[in-house]
Structures are given as structure tokens and as C-alpha cells.
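User: I want to learn how to read a model like this one, feature by feature. Please put the structure up, and we can go through it.

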Amino acid sequence: MALERVSGVAARAATAIGVLGGTFDPIHNGHLVIAEEARVRLQLDRVLFVPAQASPFKQNQHTTPATHRCRMIELAIAGNPTFALSRVDLQRPAPSYTVDTLRLLKQEWGEGSQLYFIMGQDAIAGLLAWRDPAEIIRLARLVLMRRPGHAPDIQHLEAQLPGLRESLIILDSPELSVSSTELRRRVAMGWPIRYQVPDSVMHYIMAHQLYRDYDSASLTADQHA
Ligand code: ATP
């Protein structure tokens, strides 16, 4: 069953479903902040955290097994009953394309539901390279959350993808310049990640010794200093 953690609530045609896809390797406070901001501002009934098997754009990169990534999501969202983990992308072969994910979620939640695909500002820059972007904006409203250091050229994207502007909702949200990449590096360096991830996630990372050997070859001289 794709929707989890909302025990006793069968999948139904809820009105407004936020969808936050990502690798979540690991989930961090930046993800949680944009999910909550979108939920409240758009009055979403649910926000689904949808971990990918392996991003189509990160195929050469080692991805932590899905069981760990899912467990960290469950720990991070515990206590927010409107947040849920969806394994929809893990139940089919990789790579997981957003358009397929949205189709499956639309089937699951019913034609009467409205999907809101939430993403950080960095992610929309690559939208044109995604599979069937025209279908993506037909299936879901795109919700763009501002992210430090990223300023996509919406006009250029609209010229390439007519209809984008009508689909797009741009929200200001508290900007946290935390990223999974940086967190993996920090763990490998022995630097703190506390307050960048929920404590439960930090403890999980430590207990399971995740990211200790992460990419140490690519750490710069500065980072070693
Ligand atoms: P990585 O560093 O491994 O690329 P990430 O931190 O960008 O990971 P993802 O799991 O790839 O995390 O991101 C899922 C979604 O969350 C994307 O739409 C991304 O833009 C968004 N996102 C991640 N971190 C932030 C942040 N700090 N602020 C706003 N949006 C974010």
C-alpha cells in the first residue's frame, strides 16, 4: 500500500495532495520546512514524501538503500499526522520518472484530487529535461519553493513549456541552506549535523554508521583543513 503511517485512513479522493519527491539521502530540515510551508499555505490535506529508487539524474552516484532512507523519513515525519511516506516509486523498477509517479498517485487518490508537486527552486531548472514535462504540468500544479543560491529563469522555461505559468505557484519559505550532499560530507568529515536534521534522524545516521565513507575522495583541501 503506497500511503503509510496514516493508520486507519484508507486512500481516498482527498482534495489537495502535496507531493515532495526526492532522494532523501538523508531527509533534512530543508525538506520538512518546505513541506510544512506548502501544507499550510495551500491548505493541503496531505503531504506525501516520495523517495526515489535512484534519481534518473544521479545514476552514477551511490544511493543509500531505500530501507534506511524510508526509516529516516518515518522518523522525521513522526508527529505530523498530515505528512506521510509514499513508497510508490520504490514499488516499481528504477528509474522513477516524476510523470509516472504523478500518474500513479492520481490513480490512487482519484481523479477528484488535486496534486501539488512541491520542489525547491533548483529542481525546476531541470524540468525541461524531465520525461514529458507538458504532462507533468497537466497532472499537477507545480509549487516552487525558494532555495538559497538558486534563481531559475521562469520566462525562459515558460517559452519552452507553454502553460507552465498557469501551473506554477511560487512560495516564499524560510530559506535553509542545508542539502543532503552537504550532510553526507559533514558526516564523513565528523562535523556536526545537529539542528540540520531532526535529532531522531541524526541518531539513526550515527547508529547505522551511514555516510561515514561518503565520497571522501572528492572532499576538497579546504574541507580537510
Ligand atoms: P542532494 O544534495 O543529494 O542533491 P537535496 O538536499 O537537494 O539532495 P533531494 O532529496 O534531492 O535533496 O531534494 C528533494 C526536493 O527538496 C527537491 O525538490 C529539492 O529542490 C528540495 N530541497 C532540498 N533541500 C532544500 C532546501 N534546503 N530548501 C528548499 N528546497 C529543498
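Predicted model: local features only at pLDDT ≥ 70, side-chain atom pairs only at ≥ 80, totals over all residues.

User: How many helices and strands are in the chain?

Analyst: Helices (H or I, at least four residues) and strands (E, at least two) are DSSP runs, numbered from the N terminus. The chain has 10 helices and 6 strands.

User: What share of the residues counts as buried?

Analyst: Buried means under 20% relative accessible area, exposed over 50%, and partly exposed in between (1.4 Å probe, protein chains only). Here 48% of the 225 residues count as buried. The accessible surface of the chain is about 10900 Å², and carbon and sulfur atoms hold 50% of that. Such areas come from the Shrake-Rupley method with a 1.4 Å probe; for residues, only the protein chains shown count as cover.

User: And contacts along the sequence?

Analyst: Contact means heavy atoms within 4.5 Å. Take contacts between residues at least 6 apart in sequence: 78% join residues at least 24 apart.

User: What span does helix α3 reach?

Analyst: The expected span of a helix is 1.5 Å times one less than its number of residues. Helix α3 (residues 98-109) has 12 residues. From first C-alpha to last, α3 reaches 16 Å, close to the 16 Å expected at 1.5 Å a residue.

User: Which residues of α3 are buried?

Analyst: Thr98, Val99, Thr101, Leu102, Leu105, Lys106 and Trp109 are buried in α3. They lie on the same side of α3, because their arc around the axis is only 155 degrees. The arc is that of the directions from the helix axis to the C-beta atoms. These buried residues pack against β1 (16-22), β2 (46-51), β4 (114-120), α5 (133-139) and β5 (140-145). Gly110 follows α3 with a positive phi, near 95 degrees.

User: Which residues are buried in α9?

Analyst: In helix α9 (residues 199-207), the buried residues are Val201, Met202, Tyr204 and Ile205. They sit on the same side of α9, because they cover an arc of only 160 degrees around the axis. Their cover includes α2 (66-77) and α8.

User: Now the ligand. How many residues surround it?

Analyst: A residue is near a molecule or strand if one of its heavy atoms lies within 4 Å of it. Here 21 residues surround the ligand, and the closest are His28, Asp122, Leu176, Ser180 and Thr181. At least two shell residues come from each of β1, α1 (29-41), β4, α4 (121-124) and α8 (180-189).

User: Where should I check the backbone?

Analyst: Most residues other than glycine have a negative phi, and most peptide bonds are trans. Asp25 and Pro26 are joined by a cis peptide bond, with omega about 5 degrees. Pro26 is in the loop between β1 and α1. Another cis bond runs from Ala94 to Pro95, with omega near -5 degrees. Pro95 lies in the loop between β3 (83-85) and α3.

User: Are Gln43 and Tyr211 buried or exposed?

Analyst: Gln43 counts as exposed, at 67% relative accessibility. Tyr211 counts as buried, at 8%. Neither is a glycine, yet phi is positive: about 50 degrees for Gln43, and near 70 degrees for Tyr211. Gln43 is in the loop between α1 and β2, and Tyr211 is in the loop between α9 and α10 (221-224).

User: Last, one residue. What is Gly18 in contact with?

Analyst: Gly18 is in strand β1 and is buried, with a relative accessible area of 0%. Leaving aside neighbours within four places in sequence, Gly18 is in contact with Leu44, Arg46, Val47, Leu48, Tyr116 and Ile118.

Conventions:
Residues numbered from 1 in each chain as written. Heavy atoms only, no water.
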